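Come along and keep the structure in view as I go.

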Amino acid sequence: MRLHSLDLRNIVIEDSFWSKHVDLVRREIIPYQWEAMNDRIEDAEPSHCLENFKIAAGRSTGDFYGEVFQDTDVAKWLEAVGYSLACYPDEELEQTADEVIDLIAEAQGEDGYLDTYFTIHDPAGRWQHLAEGHELYTAGHMMEAAVAYYEGTGKRKLLDCVCRLADLIAETFGTEEGKVHGYPGHEEVEIGLIRLSQATGEKKYLDLAKYFIDIRGVGENYFVNEMKRPGHHVIYADFQNYQPAYSQSHLPVREQTTAEGHAVRAVYLYSAMADLADAYQDAGLKKACETLWENIVTKRMYLTGGIGSSGILERFTTDYDLPNEYNYSESCASVGLAMFGMRMNQITRESRYVDVVERALYNTVLGGIALDGKSFFYVNPLEVWPDACMDRTSKQHVKPVRQKWFGCACCPPNIARTLASLGQYIYAVDAENRALYVNLFVSNETEVSFGEEERVHVSMETHFPWDNTIQICVTDVPENGMTLHIRIPDYAQNYSVSGNGMVTGAPEENGYWTVKTDEACELQITFEAPAHYVYANPQVRADAGKAAIVRGPLVYCLEECDNGANLPAIMADTEEPLAEVASDLFGGSVIVTGHGKKVKENSWKEGLYGVQKPETEEVSFTAIPYPYWNNRGEGEMLVWIRDGRI
């Protein structure tokens with residue numbers, strides 16, 4: 001039986017590390033993104049997304065502006081609002097969201113169709129551009145938003161709108177004669193349909209998601225044939241030389257063994273595959289998910305949980321191709337990886353999936369947003385030299401500072417909805433067997449329901465990741481008892497669980513420490529996770545002869561403001577121990593210092609090249625948590641440091 005996340009309405013996060021990020025969603029991020037969607041951010045890329053809905057609804061006149069999926073900025077904003085309202089009721093915000101939903105309802109067609117690009121710009125092109133038109137992708141995000149808003153507020157208006165849309169899609173797509181036999185170019189609707197089915201109890205939405213998965217990559221490629229149709233025009237120039245692997249349609253999904261193509265598309269697909277593998281008890285689909293996961297995390301993932309290394313087409317390339325200064329690692333891709341990992345954990349009950357989820361959340365997802373919530377990274381490199389981040393070069397996609405907004409603004413609201421729903425990642429529940437899985441170490445109070453009359457109160461207190469002591473208090477334990485499964489992180493050393501002064505429970509089971517109790521209990525979890533050097537598989541050519549610093553789930557990096565310019569000239573003495581220093585930086589954090597050598601630039605007496613051997617000098621260097629880089633101004637950044645032993 002699958003595990004389930006907790007209802008966000010039943011969990012309150014008050015955490016020394018995460019609260020400054022989670023609270024930022026309602027205090028700064030949601031209001032800031034509202035201003036961005038209304039084109040009121042000075043010197044920022046225009047959005048026009050709300051104006052598109054006004055034009056489609058007949059409230060305004062004009063042309064469509066933006067990406068074909070511009071509607072999804074509104075959808076993900078509404079999803080974040082729904083999660084936020086579930087935890088923190090806000091009448092003013094709810095009224096604003098209700099007005100947006102009224103606008104969306106007005107823009108919806110009589111038959112249920114909802115997509116402002118095709119409504120305004122190309123009415124005759126409906127369902128004719130599945131490879132690149134993003135209609136189904138946009139529909140999926142609207143469905144996710146509707147479910148989140150319904151669960152957060154109890155209001156059905158947007159839910160009813162997307163049900164009409166889902167009904168139209170079901171009438172349009174399928175195996176029957178006269179229906180479109182295609183599937184999404186950019187996967188997402190599958191996730192939306194599954195969530196819609198869970199919220200409404202309508203199995204037809206689940207079956208429709210299964211249809212989209214089962215038909216993908218079967219027989220002649222649908223997208224290739226679509227582009228050969230007379231009169232077909234390409235929306236994006238990149239699709240003129242279309243390769244099916246880009247959209248994971250090169251093979252039936254159960255036959256795919258390597259993560260290919262656009263990274264966000266891929267992990268959204270895999271998330272839906274995991275859901276459906278469980279819903280239909282499909283062993284082949286589950287096996288494919290496990291195989292694809294292993295390929296990603298053992299051969300195609302960055303240390304920070306970033307995926308999709310290519311700056312061209314935002315895609316996976318080949319095994320071990322993980323360049324640092326050219327890499328893409330789109331924020332949305334790490335959000336999708338966390339979604340995929342959470343589902344695999346709930347299906348398998350193996351903590352190894354959470355190890356990756358945690359790494360993605362703490363590093364790439366957090367790194368995608370500034371500490372003030374008002375600027376964002378789309379791309380998350382592991383090495384930056386600002387002077388070389390030039391337009392019309394191989395690094396034009398790399399930005400040395402976070403941006404106020406993007407013309408293609410998928411990442412900012414995706415980060416917002418993820419932070420707003422953090423509570424879904426902390427625990428997983430098996431109500432039938434009265435079991436609670438503790439996955440993330442975040443201070444909170446929650447109520448866990450094992451049935452209508454079995455409601456357990458759980459509190460967790462910790463200063464993780466700065467301190468590795470976690471206190472868990474459980475009260476109102478059912479008469480028949482309950483089981484706690486407490487995750488043992490892959491980086492934890494000397495892990496122990498004690499209660500009432502004694503070590504308790506059973507040893508590791510699928511990466512969890514298991515504690516059974518039939519009465520209220522207080523547990524203390526302790527482990528060590530000191531800062532240390534890590535090394536990459538030698539086949540990762542970009543990292544050969546280099547080392548990185550990791551402390552618990554956090555990857556560390558060097559910044560120019562601490563260590564001077566030309567960071568690649570630093571060579572770490574990896575035989576010397578690293579030191580940890582408590583700091584007030586970034587609202588309180590642990591900084592890491594080390595020793596090594598650095599090439600002396602002022603000792604070079606020749607031209608561009610010469611026979612002179614460079615001189616070095618002894619240096620100390622300072623490393624900060626990777627997610628906080630570029631919060632103190634523009635400058636160089638480096639994760640992988642040359643190993644001075646080599």
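**Notes on the cavities**

I started with the lining of the largest cavity in this predicted model, and sorted by class it has 10 nonpolar, 2 polar and 1 charged residues.

Next I looked up the volume of this largest cavity, and found about 110 Å³. I counted 13 residues in its lining, and those nearest the centre are Val22, Cys87, Tyr88, Leu419 and Ala420. Helix H1 has the largest share, with 3 residues.

I moved on to the second largest cavity, where the volume comes to about 70 Å³. Its contributors of two or more lining residues are helix H13 (331-348), helix H14 (352-367), helix H16 (423-426) and strand S3 (427-430). Which helix gives the largest share here? I found that H13 does, with 4 residues.

I also wrote down who lines this second cavity: Gly341, Met342, Asn345, Gln346, Val354, Val357, Gln424, Tyr425, Tyr427, Ala428 and Asn439. By class, I noted 6 nonpolar and 5 polar residues there, and no charged ones. In the lining of the largest cavity, by contrast, I had noted 1 charged residue.

Last, I checked how many cavities there are of 30 Å³ or more.

Definitions and conventions: Residues numbered from 1 in each chain as written. Predicted model: local features only at pLDDT ≥ 70, side-chain atom pairs only at ≥ 80, totals over all residues. Heavy atoms only, no water. 1 Å grid on protein atoms, 1.4 Å probe; cavity = no way out; pocket = protein on both sides within 12 Å on 5 of 7 lines; lining within 4 Å. Points joined across faces, edges and corners; volume = space filled by probe spheres on them. Nonpolar A, V, L, I, M, F, W, Y, C, P; charged D, E, K, R; others polar.
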